[in-house]
Amino acid sequence: MKNKMIKSMVLFALGATILSSCQREVEFNSLNKGDFTDTIGSLQDLADFPIGFAVDNPTFENNAAYRNAVVSNASMITFENSMKHNAIVRDNGTFDFTRADALATAATAAGLTIHGHTLVWHSQQNGTYLASLGGTAPPPRPNILLNGGFESGTGADYTNWSKFNGAASFSAGTGGEVRTGTRSMKAVVATDNPGGQWRVQLASDTMRTTVGVDYRVTFYIKAAAPGGTMRLSTSPTAQYQGDQTVGTDWTPISWTFRAQDAQTRILFDLGAKANTYFVDDVTVVDATPVPSVDLAQVRISVDNAMKTFIQGMINRYKTRGVTSWDVLNEVLAEDGTLRDGTNSPTEYYWFKFLGRDYIANAFRYARQADANADLYINDFNLEQGNQIKVDSMVALCNRLKAQNVPITGIGTQMHITTNSSRAGIINSLRKLASTGLKVKITELDIRVNVGNAAAYVPDEFSLALQAEMYKFVVETYLKYVPAAQRGGITIWGVDDPRGWLNRADRPEFALLFNANFSKKPAFAGVRMALQGR
């Protein structure tokens, strides 16, 4: 998971008792002093299910200490980014496997298997290619007019504009005379000139236009008094808009003209009626109609693109160490409904084009490509206190099973903090296991800088809290997930400085290894849980 704020309850319980910070410190000093110092040996040697880390290139190939920390403790890795859609798919829809192939080769040479991440997700995709499939709004047409807001210039001068015929006093509109920004065009026309619109003209610089193509001019205008009038015109070939009545409120006006010249300027003709005029936010765009969308064909194209990526990835890597996949990633919103992109127009949501059927079809396409791989649905915040999301996940998976969809397991990311609800973690793992599917903790990390301090170094107590939480998570997994359903536990990163949560303005120390790859108390906490201590 990338770029998410992890919502956590500010509660830390030991047993059923809620302790204050001081009380907890006493508890740790009395019960656990020295417990988190046993870091000798491998984690994987203690587990009968996969222990994994999220890694990426070039670090895994080129940093021997990093690689050794992984290889000596894990049996499986997950590529943090190298298998995602935007790392594989080019703008024209073809695949570039170079980066993922290199990491797969290095991993298998080190004796590791691979958990594939991820096949269908709304984020980290090649948006250029997906948008070309249709069904999405075309990008806005560019404004070919310069300084349409009159922001550039000084006093009565507006950069990229010229004043003709001189029958008005020009200045910069300010304050309430401005629609947006800090300036507008202000023209005081002192006398009526019936039929003399041309006596006051404000002309744009010439714009490059294509002869025969329609262009739409849009602008906002108002006058100080009722009864104003104006029109637009073009040059060098003159075309005229009909006279427009101008009121005292900002009003949008549009005019479409067909270009007669390779270079065209527009002119505001304001001289017919005495008044004070204000103009702002002028745009000129290509007005060529956008072809209508064949939604049935779009659906076919989108479904084919999803199938092609799923099967292209699986067929490529089923003989290169990948034994399981996150087929679907983060399909649920926090209220338990399916994500449909309503509030995220810049991301590509498969649900928007394919409906809920895309979930079942993704699993079916994956199974067609590999009869043996474990196929997971993966999500985050399933351990949160309100349990709405985990209940929805359980209901979804039970429904998929009833429909004979070839789902193998559920991945719970578990990006948590030392304050996260232990009851939520217990309830989540119990409920996920109740489906009978495999359960995999796919992206485990535990934050210690829970206050998001800009300058933070964890003390011994905070590291002990973290170690205890790691220990608790693994113990809870072993207790509530039957052995046959244990898909494994993956730590989402190796050393703290390279962790996805670590930032210059908010340092974080969420992983098992320090910067020099020495083992932290958190490592000992995982080790103790695997040993049953």
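## Helices and loop residues in a predicted model

Helix α12 (residues 460–480) has 21 residues and reaches 30 Å from its first C-alpha to its last, close to the 30 Å expected at 1.5 Å a residue. The expected span is 1.5 Å times one less than the number of residues in the helix. Helices (H or I, at least four residues) and strands (E, at least two) are DSSP runs, numbered from the N terminus. Of the 21 residues of α12, 16 are buried, so the helix is largely enclosed by the rest of the structure. Buried means under 20% relative accessible area, exposed over 50%, and partly exposed in between (1.4 Å probe, protein chains only).

This is a predicted model: local features need pLDDT of at least 70, side-chain atom pairs count only at pLDDT 80 or more, and totals for chains, interfaces and linings use all residues. Residues are numbered from 1 along each chain as its sequence is written, and side-chain values use heavy atoms, with hydrogens and water left out.

Helix α7 covers residues 295–317. Its 23 residues should span 33 Å at 1.5 Å a residue, and its end C-alpha atoms are 33 Å apart, which agrees. Buried residues in α7 include V298, V302, D303, F309 and Y317. Also buried there are A305, M306, I310, Q311, M313 and I314.

Helix α11 (residues 422–433) has twelve residues. From first C-alpha to last it reaches 17 Å, close to the 16 Å expected at 1.5 Å a residue. Its buried residues are R422, G424, I425, S428, L429, L432 and A433. Seen down the axis of α11, the buried residues fall within an arc of 160°, so they line one face of the helix. The arc is that of the directions from the helix axis to the C-beta atoms.

At the start of α11, a side-chain oxygen of S421 comes to within 3.4 Å of the backbone nitrogen of A423.

What meets α11 from α10? V390, D391, M393 and V394 in α10 meet S428, K431 and L432 in α11. Contact here means heavy atoms within 4.5 Å. The axes of α10 (residues 388–402) and α11 come within 9 Å and cross at roughly 10°. Axes are lines fitted to C-alpha atoms, for helices over the stretch in contact, and angles run from 0 to 180 degrees between N-to-C directions. The two helices α10 and α11 are therefore roughly parallel to each other. Angles under 35 degrees count as roughly parallel, over 145 as roughly antiparallel, 65 to 115 as roughly perpendicular and the rest as oblique.

S82 sits in the loop between β4 (76–79) and α4 (85–88). It counts as buried because its relative accessibility is 0%. Beyond its neighbours within four places in sequence, S82 is in contact with D56, A87, I88, R99, A100 and L103. Two of these partners, D56 and R99, also make polar contacts with the S82 side chain.

S123 lies in the loop between β5 (113–120) and α6. At 16% relative accessibility, S123 is buried. Its side chain makes a polar contact with that of E347.

A polar contact is a pair of N or O atoms within 3.5 Å; within protein, one must be able to donate a hydrogen and the other to accept it, and residues adjacent in sequence count only if both atoms are side-chain atoms.

| Side chain | Partner side chain | Polar contact |
|---|---|---|
| S82 | D56 | 2.4 Å |
| S82 | R99 | 3.0 Å |
| S123 | E347 | 3.5 Å |

### Backbone features in loops

A cis peptide bond joins N57 and P58, with omega about 5°. P58 lies in the loop between β3 (51–55) and α2 (59–62). Another cis peptide bond joins S235 and P236, where omega is about 10°. P236 lies in the loop between β14 (228–235) and β15 (244–246).

N147 is not a glycine, yet its phi is positive, about 55°. This residue is found in the loop between α6 (127–131) and β6 (153–154). N147 counts as buried at 14% relative accessibility. E330, also other than glycine, has a positive phi near 60°. Its loop runs between β19 (322–329) and α8 (350–354). E330 is buried, with a relative accessible area of 3%.

### V213

V213 is found in the loop between β12 (207–208) and β13 (214–223). Not counting residues up to four places away in sequence, V213 touches F257, R258, A259, D286 and T288. V213 and F79 are 134 residues apart along the chain, and their C-alpha atoms are separated by 49 Å.
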